[in-house]
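Visitor: Please show me the model, and then let us go through a few of its computed features.

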Amino acid sequence: PAVTGAVAAAAAGGRAEGRRKKVPPGHYWTTPPPRYVFGEGHALQVEDWRGVEQVGSVTKPGKVGSSSFYRLPGLVPVETVDRILTHCMQSTDYKVDADSVDKTPTFEYYPFRDGEWIDLGMKSILEDAVERRVLPYVRERYGCRFCAASDILVRRYVPGERRTHAVHFDGHAFVTAVLGLSRPEDFEGGLYLQPEPDVASRLFFRIEPGDLVVHSFDLQHGVHVWKGVRYSLIFWIKDSLQAVRERSTPWYEELAERGDPDALYNVAQNYEYGMFGKPLDLPRAIHMYEQSARAGHPFAQNNLGLIYKRASDKVGLPLAEALQRSCDWLRAGAEGGFAMAQKNLGLAYANGQGVRRNDAQAVIWMRKAAEQLEVEAAYMMGELYRQGRGVPPDAKEAAKWYERSAEAGFPKAQYTLAMLYLEGSGVPKDALKAEHWLHLAARQGDPEAKNNLATVHAQRGEVDQAAEIWWELARNGEPNAQCNIGMCFMRGVGRQLDLAEARRWLTKASGQGHQMATEALMQLDSRKGDSAG
């Protein structure tokens, strides 16, 4: 066989290093949770590679079985890893599309997608390791002789960009394999597992360059990087080439029929969004989510809360009843310790959706989520303190929460923190720091940050740089930028003088209610009148 060696029992012998119980407020923002320490492992051969397989296991939420995972130290030679890392660092293909988990820019790229190589440079470096080490190991370990790679992606975590991927499942992959690229000494944090709903159960993996960490679809995991730079390469593997071609997830079917909460949750997601071989079927999604949620699955509880909130008309319920059900399910997830549900319950109290508006309760639940490193909740805590909702107004406390969220890569927090530095609100006035945060938020696509950054350039006389930013935003429909680029064409500054183009952009901005653009159009009309006279 391709893989030989002792097969460990599912519960084989890792442990948490230095597990903590109670921690003070803000602890998780400054101190990474402990590492998962694997046992010594077992001798293993994969094709021509001889090494060790280390096995770990955690109990799944609701105590319904366990999820196993594996580490193969040094599976890929360091020389190959160095070439992969250099290629990743030089790539210009990283996307800023919204992530499927938290909707912020991904900063990832796919050298291999839907079973096909896209990046031929990466293919020349990596293909041999995929075919002779990664896939042979996965096929033997999971008893799946036809397992096939579906996607290979690279994610980067650098200061100013996203630093986290919230806890989630890789629901579209039968098996996930993560190849270490960056040295652990170059960053703090990294890939973690989180078997329970709350952050207290979070444990980090130490992954050296060339190590492969492998887990199945039922492992709750995520990424959080506090310091430094981390690159990682992820393999998403399906149970057959047919599943790759069809973009389907057939391994869930039998498990869902047996009532497995993870399987029910993931299949429900497929029906909710009409993906991975399932038609869009919201009633069926709700039915399966409810089966999973009643078994205590926090992800299902949260998703039900969101469905009832946004789709009352599609579930055949009066709005008030749908919002009440939304809050009931969000409360179930929140009381179980799930940060996403805590944040969403906090928003329900802040907006009076399904419950009477109660800012004090909004603060309580938002704080619980924010203390668990939920980056949007941290931003919302800044908003609540800045506005004095549920707490006395406190500019310094607001700035603290904005900074935590901004450091974790949340674009809105980065923009808001920049404005605080410009105003000197809660922080010392500092134009350089303001521009730093504007640059970071703009790099993540925040339109307000881009507009303000353009204004900074314009105030320094760097009109060409400002005009480039306004041009990009104007084409995307942003009215302030449309007005500004129109003024550039009108005055011949940053753009060639072109009154027709000026009128076109000013008209677009005026049509969106932009008063300055309307006044500029009147000036153009008066010029035309003067010329005619």
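Guide: Buried means under 20% relative accessible area, exposed over 50%, and partly exposed in between, with a 1.4 Å probe and protein chains only. This is a predicted model, in which local features need pLDDT of at least 70 and side-chain atom pairs count only at pLDDT 80 or more, while totals for chains, interfaces and linings use all residues. Residues are numbered from 1 along each chain as its sequence is written, and side-chain values use heavy atoms, with hydrogens and water left out.

Visitor: Is E116 buried or exposed?

Guide: E116 lies in strand β8, residues 116–117, where strands (E, at least two residues) and helices (H or I, at least four) are DSSP runs numbered from the N terminus. Its relative accessible area is 54%, and because the cut-off for that class is over 50%, E116 is exposed.

Visitor: How many disulfides does the structure hold?

Guide: A disulfide is a pair of cysteine sulfur atoms within 2.5 Å. For C483, which is buried at 1% relative accessibility, the nearest cysteine sulfur is that of C488, 9.7 Å away, and C483 is in no disulfide. For the structure, the number of disulfides is zero.

Visitor: Which term describes how α17 lies to α18?

Guide: Helix α17 (residues 463–475) and helix α18 (residues 479–491) pack with their axes 8 Å apart, at an angle of about 130 degrees, the axes being lines fitted to C-alpha atoms over the stretch in contact and the angles running from 0 to 180 degrees between N-to-C directions. Angles under 35 degrees count as roughly parallel, over 145 as roughly antiparallel, 65 to 115 as roughly perpendicular and the rest as oblique. Therefore α17 is, relative to α18, oblique.
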